[in-house]
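This report goes through a few local features of one structure. Please look at the sequence and the structure below before reading on.

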Amino acid sequence: MNFFRTTILESRSLGPLFVGLLLIPALVFITACDSNGSGDNMDSPPAEQEPARLDTGPVEETDTNVDVDYDDDGTAEVVRVTDVNNNGVVPRDANGSTVTWSSDKTYELNGFVFVNPGDTLEIEPGTEIQGRLGGGADASALIVASGGVIEAEGTASDPIVFTSVRAADETLGRDDRGLWGGVILLGDAPTNNGSEVAIEGVPDNTGARILYGGQNVDHDVGTFKYVSIRHTGTQLGNGDEIQGLTLGGVGSGSTIEYVESYASDDDGFEWFGGTVNTKYLITAYESDDAFDIDQGYRGSNQFWLAVQGGNESGRASEMDGAGSPESAEPYAESIISNATYLGMGPGVSDASGDANDPFIIHRDNNATSYHNSVFAGGRTNAGIQIEDLEAGSEDAANRWAAGQLEHQDNLWYNIGPGFSGQTTFEDLIQLTTDDDGTPSGDRGNALKGNLADYLRSENNAIVNKNPYASISRTNGNGAIQSFDPTPANAATSGANEPSDFGNKSAGVNDSWTSVSFRGAFGSGAEWNLDSDWAKITQDGTVQ
């Protein structure tokens, strides 16, 4: 199966420059919740390296916010953008508030580049944006502040690509993680923090541009579609990294679909509250969690794919609710339908990260629901944990008991080293325990049997035949060589529409696409299989 097809632009000839961006001197730290913090391939920030360029001509003197490289005939080849005096993206002619990055240029992020409140950044299909190498104060990232707008709408044949400057000179792969920061979108949609807060780890002197949260359920950050974000997660300090895509307080008026996070040295995607709905998300070869939910995120999501690497990984799904207090509302009542999560394989014993923890964990009063999904190939000793704490505590088990956290119509295959034809849900459930191994929750050992009975009653099943057409792994570390996602066996049918899909968060993508299959792929899912818009198909993983 040929899944996504296009050629990524490596060199552009540039027309007249129409961009102005300014540099922030303050150091920004963006962190992911419960990051593994291992940084195995990024113990220290990489030495700054410049990609090979054509002969350099004079830099334009009319705008101090850009540094331009030219080829021999005077045509601009690379536009190096920065953010000076916290002014963010501003139009050079001062006649409007929109800046366009065009596909005939390559844009190089030099530090933290902001789209300020009231400003709009448009990115044309086929545009490549490269983050400069470095960590800490030298990290690079694109941040859309709350009130700013990004219109980044690629196409299946001409995606927008965020990558490292190293991509100009070499072929980067699944293990090239942590080469630059990532992309951060902020808004004023509700969280359960009680007020606006700064994105985690950001110092106060950075200013209001890193605040998110509010009461605007319909917040619209713009369009982020057919975008591939690669090799992110550089170390910022104290074990903090940036995800491939961070969404803080992003609202349901936003369009987030057909987005890939590839080889992040932290999470693939992380939500800090908000109400945005998504479709067609891919995360592959992240060193920490594939999908991470925090701070009362409420949204409906369909067609997600996660593929773990063979050497380092976290959980397939880390579902958190609130910080302190954990009883804070709104609860994280997001819905995920038609997900396919592929782990590194039960036979792997020497990988790093959190992959030996439950494949899916709900905690901190989280109430995220899963429907019509396929969970397969987990190295983990357990498939699922729903956190159960002592009496009087707010926990995810309370949300399950109240009917807010649902698991319906899902398939489990080849999870854990002891998986066999006799594996039961009791085998896949992990109880929350004290240090001595005794259950810490008020439900005790009875929770395992009660939860297992619930899963069976809600049309969840443990299957012994592949729920997808085929998968091939390496003999050494269990990494996936190739994967045909066509649904097979039990996955070809059995899907049902979630009763409350879209009810938590009306807006863009709030309707469930009616399909009969389970997992992320099949007739009715419009992944555009004839286009290589995602790196995961270009490297041959998904066929």
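A residue is called buried when its relative accessible area is under 20%, exposed when that area is over 50%, and partly exposed in between. The structure discussed here is a predicted model.

## Backbone features

Asn489 has a relative accessibility of 41%, so Asn489 counts as partly exposed. Asn489 belongs to the loop that runs between β31 (480-487) and α4 (535-538). The phi angle of Asn489 is near 50 degrees, a positive value in a residue other than glycine.

Tyr226 also has a positive phi, near 50 degrees, and is likewise a residue other than glycine. Tyr226 is part of strand β14. With a relative accessible area of 7%, Tyr226 is buried. Elsewhere in the chain, the peptide bond joining Glu329 and Pro330 is cis, with omega at about 5 degrees. Pro330 is found in the loop between β21 (317-319) and β22 (335-342).

## Aromatic pairs

How many aromatic pairs does the count come to? When ring centres within 6.5 Å are taken as a pair, the count comes to 28 aromatic pairs. One of them joins Phe162 and Phe224: the ring centres are 6.3 Å apart and the planes stand at 35 degrees, so the pair is tilted. Phe162 lies in strand β10 (residues 160-164) and Phe224 lies in strand β14 (residues 222-230), so this pair ties together parts that are 62 residues apart in sequence. Phe162 is buried, at a relative accessible area of 0%. Phe224 is buried as well, with 0% relative accessibility.

Is the pair of Trp271 and Trp304 stacked or tilted? The ring centres of Trp271 and Trp304 are 5.2 Å apart and the planes are at 15 degrees, so the pair is stacked. This pair links distant parts of the chain, 33 residues apart, with Trp271 in strand β17 (residues 269-272) and Trp304 in strand β20 (residues 300-307). Both Trp271 and Trp304 are buried.

## Charges over rings

The charged end of Arg209 sits over the ring of Phe114, at 3.8 Å from the ring centre. The charged end of Arg399 sits over the ring of Tyr331, at 4.1 Å from the centre of that ring.

Methods
Residues are numbered from 1 along each chain as its sequence is written. This is a predicted model: local features need pLDDT of at least 70, side-chain atom pairs count only at pLDDT 80 or more; totals for chains, interfaces and linings use all residues. Side-chain values use heavy atoms; hydrogens and water are left out. Rings of Phe, Tyr and Trp (its six-membered ring) pair if their centres lie within 6.5 Å; planes under 30 degrees apart count as stacked, over 60 as edge-to-face and the rest as tilted. Helices (H or I, at least four residues) and strands (E, at least two) are DSSP runs, numbered from the N terminus. Buried means under 20% relative accessible area, exposed over 50%, partly exposed in between (1.4 Å probe, protein chains only). A charge sits over a ring if NZ of Lys or CZ of Arg is within 6 Å of the ring centre and within 35 degrees of the ring normal.
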